[in-house]
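Subject: Structure for you to look at, with notes

Dear colleague,

I am passing on a structure that I would like you to open beside this message. Please read my notes slowly, with the model in view, and check each point for yourself.

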Amino acid sequence: MKTASKIYTALLYLFLYAPIFVLIFFSFNAGKSTAVFEGFSLKWYAEILNDTTTLNALRNTLILAVTSSVIATLIGTAAAVGIDRMKSKYLRSATMSVTNIPMMNPDIVTGISMMLLFVFVGTLLNIKDTLGFGTLLIAHVTFNLPYVILNVLPKLKQTDSHLEEAAQDLGCTPAMAFFKATLPSIMPAVTTGMIMSFTLSLDDFIISYFVTGPNFQTLPLRIYAMTKKSVKPDMYALSTLIFVAILVLLILINISQSRAEKNKNSVKPVSRGAKIVKRSVAAVLAVAFGVCCIVGFNGSESSSTIPVEGVYSRKFEGTVLNVYNWGEYMSDGSDDTLNVNEEFEKLTGIKVNYAEYDSNESMYTKLKNGGAAYDIVIPSDYMIQRLIAENLVQKIDVTSLQNYSYIAEEYKNLYFDPNNEYSVPYSVGLVGLIYNTKMVEGTPDSWSVMWDEQYKGNILNFNNSRDAFGVAQYLLGQDVNTNDVADWQAALQKLKEQKPLIQAYVMDEIFNKMEAGNAAIAPYYAGDFLTMQEVNPDLAFFYPKEGTNIFVDSVCVPSSCENLEAAMMYIDFLLEPVVALANAELICYASPNTSVVNNKDYSLRGNEYLYPETEIIENAQYFQNLDPKTLKLLNDLWSELKLS
């Protein structure tokens, strides 16, 4: 039995820590892949020091975690003392039940309810930009409090209640008696509650996602926003550093607790334990201060040196511009690239708050609830159509943009903005099929290969309803924007036929699976295929003969924008040849900017996948905004498919 128990314990710890060990292992990978190890290197640890956006997010996370944990510890300790001294057991029980609600409540319910509360209060007080650091702090303190209380209460029950009485007999006031007698004895529990609060705040994503604003992005939010593409290995390096720091901190706390426990009747050991506690807390603050210094050093001001054609006024110096964009969708200075936002700040004196989202729908939710005010967003075509219909974006005068002439004619007057009144094209992409040449026979040319029985268990499909149904609709020859219920039912039936062959419905997971050769066939975006092929040369790509999806992401100005002229200056800057080139090189999608397409230094110039033959583009369909009835039908059918 002892051997079996040891094996079980070992397997349990392996299950818990294997993902962390894999993360640490790939943080030393010489290549960009997070699935194939290409050699030992420390490059990603050096790279993270040059990523000012990530360091800013880390700084924000540490500031929030330290502040919320300190406040929660102070309030929670006082609350625990109050609960412990309640004479009515019914009142104590009721208070504990209320205390446990934030801990037991699902995070998504807590996040949404708090967002609605903050927006409601902001509306009552006529505050336009409600969500930000203040709302994040309140939310984090709220979900941290129960953990502090539940750590401190048991320790209070173990503490001799006569200690304070003895201290008062010796001349202490009640307050002095608490701080001199009770607090030292419960300090290990207080410290544990604070450390737990710190780690919970450091890690939180779901609640933070709903209550944050454009001017304060935490590290979990930044990492999640990267899921449009694969998470870069420098995040593995940063996560490794954070894991090691937390591990060392917990070891110090455990040492202090064990020493205090062994010598609980001795004054001197308690003092020694308190010193270790203070050093541990000081270590947390030192890390936060160090990160802030690194960010401050990397973000030092200097004049812009990039060649620009437009004229940029500094009359808005000191203005703040809130930009909301897809994850990994703008050149940020990593890999020795151009840092677009920093260059704009140097040129104009306008401060750019840059936040990222993972989908059109999450961006729409933030604009719709009105709790956060953004000045620039970059949605996809169908979403722009929806934003226009709901008056969530405002008209802009493209004739005032000096660099608008660089936009190719084929990307003007598109269906979602026929008069070019609301948007400026930013990037263009198409969906195709990626396949592993060592696993797939011949050279496929049709979506039907995704229904081929011989590849059962090696086929991936999109994990979003519109793209997944699109695959079936192309094969069936349907209009992807149909309102015909029979068409959608036919597409559902086709996907049900495919489901037994599917290995998984994926989004960003496709990178690891296709790069490592763990799947044979997958539909995805052409630009991302190029990233995967760099790691796995056995991958190939084609546009199916039945047609596919084409999309255009464009820059828009939300109705909440308070400085349209500064926003227009930013849009014009994005159209600058050197800026547009840097962004096109980073995101690996086609550019609608002719200065990029015609630039001899453009590494993807004329790429057959990004810039295919005219007939492929003519055979592609745009997703349009579906009417509410059809959209509900699609969501219901998608749920039916996933549950079948």
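Helix H13 is followed by Gly349, whose phi is positive, near 80°; helices here (H or I, at least four residues) and strands (E, at least two) are DSSP runs, numbered from the N terminus. Please keep in mind that this is a predicted model, in which local features need pLDDT of at least 70 and side-chain atom pairs count only at pLDDT 80 or more, whereas totals for chains, interfaces and linings use all residues. Residues are numbered from 1 along each chain as its sequence is written, and side-chain values use heavy atoms, with hydrogens and water left out.

H13 itself spans residues 340-348 and is mostly covered, since eight of its nine residues are buried, where buried means under 20% relative accessible area, exposed over 50% and partly exposed in between (1.4 Å probe, protein chains only). The buried residues include Val340, Phe344, Glu345 and Leu347. Among the elements that cover them are strand S1 (320-326), strand S2, helix H20 (564-574) and helix H21 (577-587).

Positive phi angles also turn up at residues that are not glycine. Most residues other than glycine have a negative phi. Glu328, however, has a positive phi of about 50°, and this residue lies in the loop between S1 and H13, where it counts as buried at 15% relative accessibility. Asn413 likewise has a positive phi, of about 55°; its place is in the loop between helix H15 and strand S4, and at 46% relative accessibility Asn413 counts as partly exposed.

Lys412 is found in the loop between H15 (381-389) and S4 (424-436), and it is buried, with a relative accessible area of 14%. Its side chain is joined to that of Glu409 by a polar contact of 3.1 Å; a polar contact is a pair of N or O atoms within 3.5 Å, and within protein one must be able to donate a hydrogen and the other to accept it, while residues adjacent in sequence count only if both atoms are side-chain atoms. If neighbours within four places in sequence are left aside, Lys412 is in contact (heavy atoms within 4.5 Å) with Tyr404, Ile407 and Asn420.

Next, the domains. The assignment, which is an automatic or database one, gives domain 1 (46-298), domain 2 (320-427 + 555-602) and domain 3 (428-551 + 625-643).

What is the count of salt bridges between domain 1 and domain 2? It is two, a salt bridge being a side-chain nitrogen of Lys or Arg within 4 Å of a carboxyl oxygen of Asp or Glu. Arg222 forms a salt bridge with Glu356, the closest N and O atoms being 2.8 Å apart, and this pair links distant parts of the chain, with Arg222 in H10 and Glu356 in S2 (residues 351-357), 134 residues apart. Both partners count as buried, Arg222 at 3% relative accessibility and Glu356 at 10%. The side chain of Arg222 also meets that of Asp332 in a salt bridge (3.6 Å, N to O), and Arg222, Asp332 and Glu356 are linked in a network of salt bridges.

In the whole structure, a search finds 15 salt bridges. One of them joins the side chains of Glu640 and Lys496 (2.7 Å, N to O); Glu640 lies in helix H24 (residues 628-643) and Lys496 in helix H17 (residues 485-498), so this pair ties together parts that are 144 residues apart in sequence.

With best wishes
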